[in-house]
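Trainee: I would like to learn how to read a protein model feature by feature. Could we take one together, with the general idea before the particular case?

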Amino acid sequence: MRPVIGLTVSRTGDDGKLRDGVSVAYIDAVVAAGGLPVLLPNTGQTEVLNRLDGLILTGGGDFDPKWYAQPNVGTPPGAISAVRDLAEIQIIRTAMHLKLPMVGICRGIQGLAVALGGTLIQDIARQRPHSEVCHYQTEGRAVVTHSITVDSPSQLFGILAARNLSVNSFHHQAVEMVPPGWRAVAWSDDGVIEAMEWSGTHFAIGVQWHPEDLAADGDPGGARIFAELIAQGAKFRGSAEER
Ligand SMILES: [Mn+2]
């Protein structure tokens with residue numbers, strides 16, 4: 001069987017009609033890379049991770065800064081989903097324990113930081129006022145607008161095979177302090193962290209851009225990320241079957 005890849009989901013809508021869902025671009029990118037996507041509703045039921053071969057932490061709104069012990073200075077009231085925050089933090093901690101291959105995307109890299117002991121820049125415009133990089137582009141999802149520099153050697157460099165590339169950018173927050181055991185491996189020209197990776201034995205990486213929106217046209221920052229996750233998922237499944 002192809003690797004089963006869990007996708008975390010956004011909670012949207014109002015009280016009468018809440019929905020847990022995800023942009024189809026993530027689903028298409030997993031299918032195109034040879035995986036079987038499954039959606040993980042915000043239930044907090046982490047046992048389901050035992051049935052997965054890989055995990056994608058998808059994009060979305062801001063985490064409540066209480067999770068990294070800071071007062072809120074960057075997020076409008078009402079823009080935080082306490083239910084999603086808690087469900088994803090539980091998923092991330094469980095997935096790390098299980099050594100599940102994983103990729104965090106946008107909110108997902110921020111979730112890795114928040115859940116595992118790092119911190120965020122809550123608002124780049126306010127907290128990095130001298131930044132000359134636009135991190136919230138008005139161009140379309142599949143348009144790349146700012147450059148990043150990738151550390152070498154790193155797992156990310158091994159995947160992308162590039163020291164410099166351009167990415168899309170739809171974020172006003174970013175990782176400030178990476179969690180213990182993680183290292184920053186890509187930055188935009190203003191020094192904002194654009195990717196980090198786990199130094200341990202299993203594959204876990206976070207990127208601040210949106211590779212799912214770049215996957216269709218063969219951009220180096222797009223499909224290669226999903227191909228690596230599926231390859232790691234197949235390896236994970238193989239080792240599980242041996243046990
Ligand atoms: Mn950016």
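Trainee: What share of the contacts in the protein chain with a separation of 6 or more comes from residues 24 or more positions apart?

Mentor: Keep in mind that this is a predicted model. Residues 24 or more positions apart account for 68% of the contacts with a separation of 6 or more in the protein chain. The chain has six helices and 13 strands, and its radius of gyration is 17 Å, close to the 18 Å that the globule rule gives for 243 residues, so the chain is as compact as a globular protein of that length. The C-alpha trace spans about 55 × 45 × 35 Å along its principal axes, and buried residues make up 43% of the 243 residues.

Trainee: In what order do the nine strands of the open sheet run?

Mentor: The general idea comes first: strands of a sheet pair through backbone hydrogen bonds, either parallel or antiparallel. Here the order is S4-S1-S5-S6-S13-S12-S11-S8-S9, and the pairing is mixed. Strand S4 (36–40) and S9 stand at the edges with a single partner strand each, so one side of each is left without a neighbour in the sheet. From one strand to the next, the twist averages 25 degrees.

Trainee: In which sense do S12 and S13 pair, parallel or antiparallel?

Mentor: Strand S12 (residues 193–198) and strand S13 (residues 204–207) pair in the antiparallel sense, over three bridges, and the bridge partner of Ala-195 in S13 is Val-207. As for the helices, H3 packs on the sheet and touches S5, S6, S12 and S13, with its direction making about 110 degrees with that of S6. Helix H1 (residues 24–32) lies across strand S1 (4–8), S4 and strand S5 (54–57), and runs at about 150 degrees to S4.

Trainee: Which residues touch the most other members of the largest nonpolar core?

Mentor: That core has 62 residues, and those touching the most other members are Leu-55, Ile-56, Ile-109, Leu-156, Val-175, Met-196 and Phe-226. Not counting residues up to four places away in sequence, Met-196 touches Ile-109 and Val-175, among others, as well as Trp-182 and Arg-183.

Trainee: Where is the place of Lys-99, and where that of Ala-161?

Mentor: Lys-99 is in the loop between helix H2 (82–98) and strand S6 (102–105), and has a positive phi of about 60 degrees although it is not a glycine. With 15 C-beta neighbours inside 10 Å, Lys-99 counts as partly exposed. Ala-161 is in the loop between H5 and strand S9 (164–167); its phi is near 55 degrees, again a positive value in a residue other than glycine, and Ala-161 is exposed, with 11 other C-beta atoms within 10 Å.

Trainee: Which residues does a cis peptide bond join?

Mentor: A cis peptide bond joins Ser-152 and Pro-153, with omega about 5 degrees, and Pro-153 is in the loop between strand S8 (146–150) and helix H5 (155–160).

Notes
Residues numbered from 1 in each chain as written. Predicted model: local features only at pLDDT ≥ 70, side-chain atom pairs only at ≥ 80, totals over all residues. Core = buried A, V, L, I, M, F, W, Y, C linked by C-beta atoms within 7 Å. Buried ≥ 20, exposed ≤ 12 C-beta atoms within 10 Å, placed from the backbone. Contact = placed C-beta atoms within 7 Å. Helix = DSSP H or I, 4+ residues; strand = E, 2+ residues; numbered from the N terminus. Rg over C-alpha atoms; globule rule 2.2 N^0.38 Å. Pairing = 2+ DSSP bridges. Axes fitted to C-alpha atoms, helices over the stretch in contact; angles between N-to-C directions.
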